[in-house]
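Please keep the sequence and the structure in view while reading.

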Amino acid sequence: MSQREGSLEAPTRHPIDWQNPDFYNIDATIKEMERVFDICHGCRRCVSLCNAFPVMFDLIDESPTLEVDGVPKEKYWAVVDQCYLCDVCYMTKCPYVPPHPWNVDFPHLMLRAKAIQFKQGSPTAFRDNNLSSTDRNGKLATIPVVVQFVNATAKMPAMRALGEKMMGVDKNAWVPEFTSKKFRPNAAPSKTYEVKEGKRTAGKVAIFSTCYVNYNEPGIGHDLIKILDHNEIPYVIIEKEACCGMPKLELGDLESVAKLKAINIPPLAKLAKEGYAILTPIPSCTLMFKQELPLMFPNDSDVQAVKEAMFDPFEYLVSRQKDGLLKTDFSTSLGKVSYHIPCHSRVQNVGQKTREMLEMVPDTMVTTVERCSGHAGTWGVKKEFHETALKIGKPVFRQMNDAEPDYISSDCQLAAHHIEQGIVQLKKDKPSTAKIAHPITLVRKAYGLPD
């Protein structure tokens, strides 16, 4: 092995060889975990990121040898369970990622281990499979009458206690409500505008609404449409859409990811080839199409075409402004905004575009917090992880509350609600008066556009 300390090159990612039978070889995976854990043990830069690394280092420090070789191999899985594939260790901390010859890709090693766990089955498989079936859950829960029952049940302590016992969803964890008016069938059609191409941006947009916006908070999607309409950017809603696959990826269910890819990629690729910029208002979904699917299917030209056309909404809007094609006629101050950058936004390597956009609004002060909230999709609502999720997020809760904001905002709306819950627990004596609003909603407000 090379003894070169760290790497000066930009991180590169190797394809995920998930269709190779050896990918699921337990002995080979354990051997690779031992190698990587030993490198992590000698570095420890990632100790503050999540709970996977403290768990790993505690196992090593409590072993008879004080080295990785003293940790029983069966305990490696405790580290795997704590990883929620945020990718931050790879993109922001680890000095040994490719092209460094040590070739450390901790998140994708954990993904490989999770894929093995999924194939073997686990005691929580029923709960995990149901939580990660976001599209199916949304379709069932938004049926008229059913939606009122589901939302009411989620607020009943006795029913939440029963749900914790039967499903393993923590009775105190915030869970999203479902809407009776889904986004996709109620989205306003685009007006006819001239397509104005920019140097950095396509002049027309396709919106991949995401499960969360479609079934839980459709207002985010409607606000995105209003922003595009205000800027005279023609748009279409993706004709056929399923879950992006991120919840299944986090579970290690790669076959389901492939099935969802087979539904989503053909219509998305068609639009990409027709010159549309594709926008997704949830960062995990954006990352799925920008990184994970291209790494799982590196030779699929349609997947690569979608990757090139995919934008975070604020990446697109700020690029549009640099092209001189974005209106900045903001008429309403936002006051003080505590803005949280979610992990899946950070690792897209596009910079702090949401912050840049919010700071364009006159008389608006943005306090930016760039640290994991601890929610991590379905991970943070599970009984065995919820308290840890709140512990991870404590520095975020404190920093965002200390700014005494008018608004709490995050590109990940799940993180925003988790932060709100954390602040309530942190400041029981002095509750925050800040309102939660997605950055897209804040920009709509700043333009003075109606609800």
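Does Glu9 count as buried, partly exposed or exposed? The model is a predicted one, and in it Glu9 has a relative accessibility of 44%, so Glu9 counts as partly exposed, given that this class lies between the 20% limit for buried and the 50% limit for exposed residues. Glu9 belongs to the segment that precedes helix 1 (26-41). Between Glu9 and Thr134 there are 125 residues of separation in sequence, and their C-alpha atoms lie 38 Å apart in space.

**Overall fold**

The protein contains 22 helices and eight strands. Its radius of gyration is 22 Å, close to the 22 Å that the globule rule gives for 451 residues, so the protein is as compact as a globular protein of that length. The C-alpha trace spans about 65 × 50 × 40 Å along the principal axes. Of the 451 residues, 56% are buried, while the protein exposes about 19,900 Å², with carbon and sulfur atoms supplying 53% of that area. Among contacts with a separation of 6 or more, 79% are between residues 24 or more positions apart.

**Strand pairing**

Strands of a sheet pair through backbone hydrogen bonds, either parallel or antiparallel. In this model, four strands form an open sheet in the order 2-1-3-4, with parallel pairing. Strand 2 (235-237) and strand 4 (310-311) stand at the edges and have a single partner strand each, so one side of each is left without a neighbour in the sheet. Strand 5 (residues 335-340), in turn, pairs with strand 6 (residues 364-369) in the parallel sense, and strand 5 also runs parallel to strand 7 (residues 407-410), to which it is joined by bridges.

| Strand pair | Bridges | Sense |
|---|---|---|
| Strand 1 (residues 205-207) and strand 2 | three bridges | parallel |
| Strand 5 (residues 335-340) and strand 6 (residues 364-369) | six bridges | parallel |
| Strand 5 and strand 7 (residues 407-410) | four bridges | parallel |

Individual bridge partners can be named for these pairs. Ile207 has Ile237 of strand 2 as its bridge partner, Ser338 is bridged to Thr367 in strand 6, and the bridge partner of Tyr339 in strand 7 is Ser409.

Definitions and conventions
Residues numbered from 1 in each chain as written. Predicted model: local features only at pLDDT ≥ 70, side-chain atom pairs only at ≥ 80, totals over all residues. Heavy atoms only, no water. Pairing = 2+ DSSP bridges. Helix = DSSP H or I, 4+ residues; strand = E, 2+ residues; numbered from the N terminus. Rg over C-alpha atoms; globule rule 2.2 N^0.38 Å. Buried < 20%, exposed > 50% of the residue type's maximum accessible area, 1.4 Å probe, protein only. Contact = heavy atoms within 4.5 Å. Areas by Shrake-Rupley, 256 points an atom, 1.4 Å probe, with all protein chains shown as cover.
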